[in-house]
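Here is a briefing on one protein chain.

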Amino acid sequence: MSKDKGSAYGTPATDTSFRKTWDLEEYAEKAKVREDERREEGKARYEAKLAGKKYHKPLTGAETLTTARRNVLDLAGSVGKTMLVPAGAGTGKRGRGAGFYCEACDLTFKDNVQWVEHINSMQHLRAIGETGEVRRATAADVHARIEEVWERLQERKRADVTTLAERLEVRREEDEREREERRQKRLEEAQHRKQEKEDAEKVKVEYGEDVRVEGEHDEDDMMAAMGITGFGTSKKK
């Protein structure tokens with residue numbers, strides 16, 4: 001009788017105990033709960049539609065009151081950028097696609113108007129755990145808000161002063177650099193003219209008056225070409 005061949009780890013070759021096992025009853029229970037929730041939501045949506053109302057996710061009691069948005073919406077941050085989206089994401093709003101994507105609701109909107117309307121809608125507020133109701137502010141809250149805004153304005157003014165001083169310093173450095181460049185250019189031009197004059201004088205000293213300097217005898221050449229030899233007189237004194 002032949003023995004079963006073992007694996008390199010000392011276990012039978014047909015042993016699959018290393019594989020992950022799944023609790024079928026647990027996942028069946030999760031699927032049943034998910035199906036019941038989906039059925040209840042569908043029933044609630046149908047009843048809301050019959051009543052002429054819009055369906056909203058029911059409250060669980062853990063929601064918070066809606067507060068004012070502190071951050072500024074960046075609606076132009078993706079202009080000119082390339083975005084990779086999954087295949088088939090160009091149709092419908094469900095899932096991630098090209099545009100403004102809401103992770104809480106798993107929806108994609110193609111323009112900023114729909115996006116702003118969505119983040120202010122009750123559907124989005126319920127999805128992020130807010131009730132959609134605003135708490136009535138007290139006098140202490142109003143004073144605290146005024147102090148916060150005032151401090152923010154003061155910090156902005158201080159930042160503007162610093163920024164203005166930096167801009168003035170940069171402008172002063174640029175003016176100095178431009179003046180230095182103009183001064184260097186004038187010095188180079190003066191040096192070039194001086195060098196040309198010295199070279200011309202040197203040529204005259206070495207070769208005498210017979211040397212023709214460029215541009216010096218243009219008038220005499222033109223008069224000779226016209227047959228004019230001079231404006232003198234032949235009358236004897």
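Charged residues dominate the count in the lining of the largest pocket: 11 are charged, 6 nonpolar and 3 polar. The model is predicted. The points below start with that pocket, then move to the second one, the chain and the annotated segment.

**Largest pocket**
- The largest pocket holds about 640 Å³ of space.
- Its lining has 20 residues, and Glu 41, Arg 45, Tyr 55, His 56 and Lys 57 are the closest to the centre.
- Two helices, H1 (24–50) and H3 (122–127), each give at least two residues to this lining.
- H1 makes the largest contribution, with 6 residues.

**Second largest pocket**
- About 440 Å³ of space lies in the second largest pocket.
- The lining here counts 13 residues.
- Nearest the centre of this pocket are Thr 67, Ala 68, Arg 70, Arg 135 and Ala 137.
- By class, this lining splits into 6 nonpolar, 5 charged and 2 polar residues.

**Chain as a whole**
- The chain contains 5 helices and 2 strands.
- Read from the N terminus, the order of elements is α-β-β-α-α-α-α.
- The chain has 237 residues, and 9% of them are buried.
- Its accessible surface is about 21600 Å². Carbon and sulfur atoms account for 53% of that area.
- Take the contacts between residues at least 6 apart in sequence: 30% of them join residues at least 24 apart.

**Annotated segment, 102–124**
- An unreviewed UniProt entry annotates residues 102–124 as "domain: C2H2-type".
- Over residues 102–124, the chain is 48% helix and 17% strand.
- The end C-alpha atoms of this stretch lie 9 Å apart.

**His 118**
- His 118 sits in helix H2, which spans residues 112–119.
- Is His 118 buried or exposed? His 118 counts as buried because its relative accessible area is 5%, and the cut-off for buried is under 20%.
- Beyond neighbours within four places in sequence, His 118 is in contact with Cys 102, Cys 105, Leu 107, Phe 109, Gln 123 and His 124.

Definitions and conventions
Residues numbered from 1 in each chain as written. Predicted model: local features only at pLDDT ≥ 70, side-chain atom pairs only at ≥ 80, totals over all residues. Heavy atoms only, no water. 1 Å grid on protein atoms, 1.4 Å probe; cavity = no way out; pocket = protein on both sides within 12 Å on 5 of 7 lines; lining within 4 Å. Points joined across faces, edges and corners; volume = space filled by probe spheres on them. Helix = DSSP H or I, 4+ residues; strand = E, 2+ residues; numbered from the N terminus. Nonpolar A, V, L, I, M, F, W, Y, C, P; charged D, E, K, R; others polar. UniProt positions renumbered as here; feature names shortened; annotations may be inferred. Buried < 20%, exposed > 50% of the residue type's maximum accessible area, 1.4 Å probe, protein only. Contact = heavy atoms within 4.5 Å. Areas by Shrake-Rupley, 256 points an atom, 1.4 Å probe, with all protein chains shown as cover.
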